[in-house]
Amino acid sequence: MKSGNSSLNNIGKIRPDSIKRKRISSYDKTGGNHDWIDIQSGESITLAEVEGIAGCITHIWCTMRCKSKYYLRNIILRMYWDGEELNKPSIEVPIGDFFGLGHAKKKSFVSLPFQMSPRGGRGFNCWWPMPFSTKFKITLENDNPKPLQFYYYIDYESYEEKFELKNRYGRFHAQWRRENPPKIKKKDLETGKNFKTRNPIEFNYRGGKNTEPMSYNYKILEAKGKGHYVGCHLDIDNITFMPWSINWPGEGDDMIFIDEDVDKGIPTLYGTGTEDYVNQAYGPSKEHSSPYHGTILPGGFNFWGKITYYRYHIEDPIYFNKKITVSIEHGHDNHRGDDWSSTAYWYQIEPHDHNLYPVLLDRIGRKPRIHIAHKIRKFLCIFTLLIPIFTIVIMSITNLIP
């Protein structure tokens, strides 16, 4: 028996009696309206654990409240398939990043596998199918200094008839990475010239020749086994303030190495630029959401500050039989030193090689950058707004004095 599909082209198909719809949620089991769970600072809890059946998670929804500033980076989501060891989860990602947007931010956007919904992106949705043979377990760790209120649904199908799920369907995996900054190439190896911000054409566009992609490229994913890569979102914090020229932090070619090409260091799939990889063009500076690609955060003035792009390989998954490395240049020839993070998604036959997962950074290592210039600008804006208020108050007091 095959896993039940649910796309529009076969939504009218009647399923066998052996396929059942199931749900685990945070509803108030007393019949009241306390429909959330409370998770204290430093506490880890199990959201769901199902065993003894085969099935597939079809949808996850959640929303949450926490008074810590960067709480979306400090709630760690972990998922385990078919009895995996607790120190080897298939998914280990900060919860905001898992649901498609980094920088500890939330914002309404729409893609096919992920959506953040109003108000202000507080409704988190995931539609990646997640098959399992005998068991799944989902845990949540609150690494915030303050308590967390968490609401959730986990919708899944159970399959009572036996079928070869183990080898016919890969398990879903997600891997979070951050390099702040990535390894920077400071010189053009041919000319010996330094890449300097005061020379914008060289710094942003021309650069040199990338002859060492495995050493310098930002790595989005490393995995071993058999499976297929289904996409990522890229989160760039452009730390270089350059008001006198185009301060585009992209221009980095995507390079994907598959199977034997990983050891050879020769890209199997070679792209032409950051915006091209995310299926856009010419330094996208506006928000755009579509099913498979988009820009959730375009950055501020002249691309400065926080940027998020996504590209999901749903119609065009990238297959690997032995291993895969997905990488991208950070600026042409890897000469820009911005803050990069990403979440990669893929399916593969277990077991996965957990040694290829980066060690999850601590709270300080996950913390988004704070730009002093942003704080100064915010102060000036508030101060400017307060001037007329103070003026009115002083004039009113003056008029009251005889």
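How many aromatic pairs does the count come to?

## Aromatic pairs

The count comes to 29 aromatic pairs. Rings of Phe, Tyr and Trp (its six-membered ring) pair if their centres lie within 6.5 Å; planes under 30 degrees apart are stacked, over 60 edge-to-face, and the rest tilted.

This is a predicted model, in which local features need pLDDT of at least 70 and side-chain atom pairs count only at pLDDT 80 or more, while totals for chains, interfaces and linings use all residues. Residues are numbered from 1 along each chain as its sequence is written, and side-chain values use heavy atoms, with hydrogens and water left out.

## Trp-128 and Tyr-312

With ring centres 6.0 Å apart and planes at 85°, Trp-128 and Tyr-312 form an edge-to-face pair. Trp-128 is in the loop between strand S9 (123–126) and strand S10 (130–132), Tyr-312 is in strand S20 (residues 305–312), and 184 residues separate them. Strands are DSSP runs (E, at least two residues), numbered from the N terminus.

Both Trp-128 and Tyr-312 are buried, meaning under 20% relative accessible area (1.4 Å probe, protein chains only). Both also belong to one aromatic cluster, whose members include Phe-124, Phe-172 and Tyr-310.

## Phe-136 and Tyr-156

The rings of Phe-136 and Tyr-156 are edge-to-face, because their planes stand at 75°, with centres 5.5 Å apart. Phe-136 lies in strand S11 (residues 135–142) and Tyr-156 in strand S12 (residues 148–159), so the pair ties together parts 20 residues apart in sequence. Phe-136 counts as buried at 0% relative accessibility, and Tyr-156 counts as buried at 7%.

Terms used
Helix = DSSP H or I, 4+ residues; strand = E, 2+ residues; numbered from the N terminus. Buried < 20%, exposed > 50% of the residue type's maximum accessible area, 1.4 Å probe, protein only.
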